[in-house]
Amino acid sequence: MVSFRNASQEDDQAIADLHAKSWQENYRGTFSDTFLDDAVFDDRLTVWKDRLENPNRNQWVYVAEVKNSLVAFICAYLDKDPTYGTLIDNLHVHSRCIGQRIGERLMVEVAKLLRANGKQSMYLWVLTSNTKAIRFYRRLGGVPMETVHDFDIGDGEIVKTRYYWQSLDTIVDLPQKTET
């Protein structure tokens with residue numbers, strides 16, 4: 001059984017481990033092997049210690065657990081962009097849990113939270129090399145808006161696409177749509 005809760009400072013190591021492993025599994029060939037094999041764990045732990053010890057007022061981190069083991073997380077920044085709304089900065093699911101709709105449920109939880117707070121839209125960036133994630137976001141109704149080259153994560157240039165949900169109803173109503 002999967003349980004969901006807000007992240008706490010004590011989750012920094014587990015979130016960093018999952019984040020690093022996800023990058024190792026999905027970004028081989030996008031980031032250097034040296035970065036993925038030698039630096040990614042420390043890099044992600046530094047990020048998550050700071051995010052959870054000194055959270056931005058608009059930051060929200062939610063985790064999924066199975067038998068008290070963290071198997072997924074999502075991090076959102078409310079009102080990050082005046083045009084696109086809330087940024088989903090991270091969504092990672094442990095590889096052994098892919099296909100169990102945990103990522104979908106986390107997206108629904110964020111959309112519900114946003115809608116309850118009067119928000120109307122959200123977006124995220126996905127690396128163009130991550131074709132599994134692109135299929136997932138398209139299935140959830142995300143619309144590709146633009147593709148850019150950047151250097152904001154990892155250890156080199158990346159190519160990423162912004163996916164946008166103009167209406168949170170697309171996500172909030174998803175369980176009813178997919179269960180029928």
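Colleague: Is I171 buried or exposed?

Modeller: This is a predicted model, where local features need pLDDT of at least 70, side-chain atom pairs count only at pLDDT 80 or more, and totals for chains, interfaces and linings use all residues. Residues are numbered from 1 along each chain as its sequence is written, and side-chain values use heavy atoms, with hydrogens and water left out. Buried means under 20% relative accessible area, exposed over 50%, and partly exposed in between (1.4 Å probe, protein chains only). Because its relative accessibility is 0%, I171 counts as buried.

Colleague: Which helix holds I171, and which residues is I171 in contact with, leaving aside its neighbours within four places in sequence?

Modeller: Helices (H or I, at least four residues) and strands (E, at least two) are DSSP runs, numbered from the N terminus. I171 lies in α5, residues 169-172. Contact means heavy atoms within 4.5 Å. With neighbours within four places in sequence left aside, I171 is in contact with M107, V108, A111, M122, L140 and W165.

Colleague: Which residues of helix α3 are buried?

Modeller: Helix α3 covers residues 102-116. M107, V108 and A111 are among the contacts of I171. In α3, the buried residues are I102, G103, E104, L106, M107, V108, V110, A111 and L114.

Colleague: How many Å does α3 reach from its first C-alpha to its last?

Modeller: The expected span of a helix is 1.5 Å times one less than its number of residues. α3 has 15 residues, and 21 Å is expected. The reach of α3 is close to that, at 21 Å.

Colleague: Which residue with a positive phi follows α3?

Modeller: Its phi is near 80°. The residue is G118.

Colleague: How many residues of strand β4 are buried?

Modeller: Strand β4 spans residues 85-93. It is largely enclosed by the rest of the structure, because most of the strand is buried: 8 of the 9 residues.

Colleague: In which sense does β4 pair with β3?

Modeller: Two strands pair if DSSP finds at least two bridges between them. A hairpin joins β3 to β4 through 3 residues, and D81 has G85 of β4 as its bridge partner. β3 (residues 69-81) pairs with β4 over 7 bridges, and the sense is antiparallel.

Colleague: In which sense do β4 and β5 pair?

Modeller: I88 stands opposite L124 in β5. T86 stands opposite M122, also in β5. Over 3 bridges, β4 and β5 pair in a sense that is parallel.

Colleague: What is the handedness of the β-α-β crossover from β4 to β5?

Modeller: A crossover is right-handed if, with the strands pointing away from the viewer, the path from the first strand over the helix to the second runs clockwise. The chain here goes from β4 through α3 to β5, and the crossover is right-handed.

Colleague: Which residue of β7 is the bridge partner of M122?

Modeller: β5 is largely enclosed by the rest of the structure, because 5 of its 6 residues are buried. β5 pairs with β7 (residues 158-165) in the antiparallel sense, over 6 bridges. M122 and W165 are both among the contacts of I171. In β7, the bridge partner of M122 is W165.

Colleague: Which residues does N130 touch, not counting those up to four places away in sequence?

Modeller: N130 sits in the loop between β5 (122-127) and α4 (131-139). N130 is buried, with a relative accessible area of 11%. With residues up to four places away in sequence not counted, N130 touches N26 and Y27.

Colleague: What is S22 in contact with, leaving aside neighbours within four places in sequence?

Modeller: S22 belongs to helix α1, residues 12-26. S22 is buried at a relative accessible area of 8%. Leaving aside neighbours within four places in sequence, S22 is in contact with Y27 and H92.

Colleague: What is the radius of gyration of the protein?

Modeller: The protein has 6 helices and 7 strands. The radius of gyration is taken over C-alpha atoms, and the globule rule is 2.2 Å times the number of residues to the power 0.38. For 180 residues the rule gives 16 Å, and the protein comes close to it, so it is as compact as a globular protein of that length, with a radius of gyration of 16 Å.
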